[in-house]
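I opened this model to note how its chains are built, beginning with the order of elements and ending with the packing.

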Amino acid sequence: MPRYMLSVWEPAERARFGGYAGKEEMLQAFADTGAFNEKLEREGYFVFADGLEQATTATVVDGLGDEVVISDGPYAESKEFIGGFWVIEAPDLDVALRLAAEGSKACRGKVEVRPFQTEESFKALLES
Amino acid sequence: MTDAVVEEAITRAHREAWARVVGALARRFGDLDIAEESAAEAFAVAVERWPADGVPANPQAWLTMTANRKAIDRIRRESKRDDKQREAQMLSDHPADPLGVVDDDRLRLVFTCCHPALAPQARVALTLRLVAGLTVPEIAHAFLVRETTMAQRITRAKGKIKAARIPFRVPTQADLRDRLGAVLAVVYLVFNEGYLASGRDHDPVRVELTDEAIRLGRLLRTLLPDEGEVTGLLALMLLTDARRRARVSVTGELVTLDAQDRGAWDGALIAEGHALVRERLAAVARGGERPGRYQILAAINAVHTDAFDARDTDWSQVVALYDQLVVVDPSPVVRLNRAIAVAELDGPEVGLALVDRLGDALADYHAFHATRADLLRRLGRSAQSRAAYDRAIELAGNAAERAYLARRRDQLAR
């Protein structure tokens, strides 16, 4: 079954209450997201899901040279970063998009849907 | 068989069978690349063989069979170094989709090419290549981009369909409306790009694109005859295209609706368009769904093409239809067109007041300035009119339109 990553995007620094309108809204979003996770498990789509600390806590490690270079992250210069994600299994993109729309509503964030490499695409890469 | 007869048969087969062959192969092999390349190979074989062997009794069946063989050859070649998976894929026909509302490979193909997860430009390119059967150089030329750019755009889109598993499927009834909207938008965009070509170096009207859009519109109507907006879009395109010959003067200048030689309009297309509009009116009167934007636009064009003289145009009817359209689509462009109709009914002053309210939203839209220029001219406000013409000419992309605007401007006394 194809796997997709549904990543939730948010500003680099979270405002008070994690960027939600207020504490109540934040708790409601957590509850909705929890319910969505349970639905994913119940219906057999769930692989993994979790939230991340805000992007200002990231560190970049460059091991390409002789010496490892460590610097304060995040890596990309951007106004928005991944704040959390789901990994799901779904038969096709239409199903993944429908689930992403539900997830987006639940967590109050925009969601990017991206397929994982498959055995088939990896083989094509090896043969290229 | 003469070469001309064979050539004609191949052209007709390409027009009628291309999308069916690509669609059938895409469903069978689950791979658009294989479908497209094998279909192209089958047509190449036809070009080679038909002059000597004669045109087969059922060209479509011949082409599908030949394309199938080519696809299987291709997969065998690839699966020599690959696993059994592809072989299995080759043998197991995809089961008929129980969720789809209409079972037709061409329809699956259209919905896949116009999937909302693809960029709008890619949807247009894929539809023209896989459904309409235009070649990559033809599509590149139509959209003024380099062939390599267009080829890349199509390859990338096909890559996304494969990697992200965009399904080869007609959407379920619940999603059909939304998804159909994206399909109709692609067809209408192709039509408009032909009818009001934006490139400065282009002919003002590009028949290859308008014809292709109408062909796609007819195909959609064959596949989804009960969808009102499908019929509406076809009627709209026919009633617009019917005026094509009268729309550009012999000196290459745009001729506005009120000044067109109505005798040069295409009576057959108008009759066909009117019949479609009547069909929709009857369906709505029987308690069908309220008409969407394409049906309303078609009705507006039916009113225009009903008048043998521009002065006989039923402007109150046109305004009433625009009132309906604003409810469905309150965009500034629609409100601009409504204001133009209001100006005909209630006078240029009333029209101008409505137009001026749209200044912020449409500051960079040439038709906004052209409309203002015309209304200001009719109100005797020449200096302001000239300034508006200047701005419109600056923004207009179409050569015939610029020629028309320049002449109107230069008619104003200094």
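**Chain A, then chain B**

Reading along the sequence, I find that chain A runs β-α-β-β-β-β-α-β-α, which comes to 3 helices and 6 strands; helices (H or I, at least four residues) and strands (E, at least two) are DSSP runs numbered from the N terminus. The model is predicted, with local features needing pLDDT of at least 70 and side-chain atom pairs counting only at pLDDT 80 or more, while totals for chains, interfaces and linings use all residues. Residues are numbered from 1 along each chain as its sequence is written, and chains are lettered from A and ligands numbered from 1 in the order in which they are written.

I looked up the UniProt record, an unreviewed entry, which lists "domain: YCII-related" for residues 24-115 of chain A; such annotations may be inferred rather than shown by experiment, and positions follow the numbering used here, with feature names shortened. Over residues 24-115, chain A is 37% helix and 33% strand.

Of the 128 residues in chain A, 23% are buried (20 or more other C-beta atoms within 10 Å of a residue's own, with C-beta atoms placed from the backbone).

I then checked B:Val187, which touches B:Ala213, B:Leu216, B:Gly217 and B:Leu233, leaving aside residues up to four places away in sequence; contact here requires C-beta atoms, placed from the backbone, within 7 Å.

Definitions and conventions: Two residues are in contact if their C-beta atoms, placed from the backbone, lie within 7 Å. A residue is buried if 20 or more other C-beta atoms lie within 10 Å of its own, exposed if 12 or fewer, and partly exposed in between; C-beta atoms are placed from the backbone.
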